[in-house]
Amino acid sequence: MKIILLGAAAGGGFPQWNSNAAGCRRARSGDSRAKSRTQTSVAVSRDGERWFVLNASPDLRQQINDTPALHPRDGLRHTPIAGVVLTGGDVDVVAGLLTLRERQPFTLHASHRIHDVLDANPIFEVLARDVVTRSVEQLGVPFTLEPGLTARFFAVPGKVPLYLESGSEPPPIVVDDTTVGLEIVEGDKRMLFIPGCAAMPEDLRAQLVGVDIVFFDGTLWRDDEMVAAGLGGKTGQRMGHMSLSGPQGTIEAFRTVPVRRKVIIHMNNSNPVLLADSPERAEAEAAGWTIGEDGMEFML
Ligand code: MLT
Ligand code: MN
């Protein structure tokens, strides 16, 4: 299995268009220890010819242009992208679908709930239904991406997309088909893609055991880092994300889980692990984490 990390930042990217915080200023100035990152997406292929894009980030057009494996090869209209798989309905997960218009066939795999969200928004009809196949996948039931490459969605704790929140109360953290993790299997190789996750319940921990590679939600370092930095009023928990540090954090949760390789993705622009010279980066790497960078390639 070939894997390309197309983008490793959370919604907004790094730098984020309207952030003048120190990290974003460093990224904007071209500082090599504060590398820019596009919004999270991963491309997976069995043979290097046909590719499946996991989440369609708002940066998908740039990600395709920056990735030769995803360029057209045959004839006047072609793409190596055979399918797109969605793990949620957030803007940073679905907005890139609009880039994939132009009557290009591919299959769009998502849960019932996420297809409902797309169906309710007519702008996604640019993916003409006679050309783009919308495939509804049940949680826990493996589906075929192509012969030899299967996938499976499983529920992880999460919340509704920001734009579907209603009322003044924070939305509840739910475990259903609103926010899912994705497993992809080829033979005895197994990868997991979990860009959003609010907690680590025991059944999720069990799925992680023995996996060859996991790409995991690394939105914030500290739950209150955006509040503390004066960047906003929301904690990580309020946004439906567990944080990397602390006793309930991701680094701690993974300490006792045997996985071959673990990669931090979906990093918010406030997260100090984005900065190669930060103590938080050193701590995450010492705990065995790879800090995701756009263009990283992995082979299973
Ligand atoms: C998130 O992961 O929390 C969302 O992408 C936030 C957003 O929609 O901006
Ligand atoms: Mn997101």
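The model is predicted, so local features need pLDDT of at least 70 and side-chain atom pairs count only at pLDDT 80 or more, whereas totals for chains, interfaces and linings use all residues. Residues are numbered from 1 along each chain as its sequence is written, chains are lettered from A and ligands numbered from 1 in the order in which they are written, and side-chain values use heavy atoms, with hydrogens and water left out.

Aspartate 92 belongs to helix α3 (residues 91-94) and histidine 266 to the loop between β12 (262-265) and α8 (279-286), so the pair ties together parts that are 174 residues apart in sequence. Helices (H or I, at least four residues) and strands (E, at least two) are DSSP runs, numbered from the N terminus. Aspartate 92 and histidine 266 are both buried, that is, under 20% relative accessible area (1.4 Å probe, protein chains only).

Ligand 1 is surrounded by Asp90, Asp92, Met239, His241 and His266, each with a heavy atom within 4 Å of the ligand. An oxygen atom of ligand 1 lies 2.8 Å from an N or O atom in the side chain of aspartate 92. For histidine 241, a polar side-chain atom is 2.8 Å from an oxygen atom of ligand 1.

Technical notes. Polar contact = N/O pair within 3.5 Å; in protein donor to acceptor, adjacent residues only side chain to side chain. Buried < 20%, exposed > 50% of the residue type's maximum accessible area, 1.4 Å probe, protein only.
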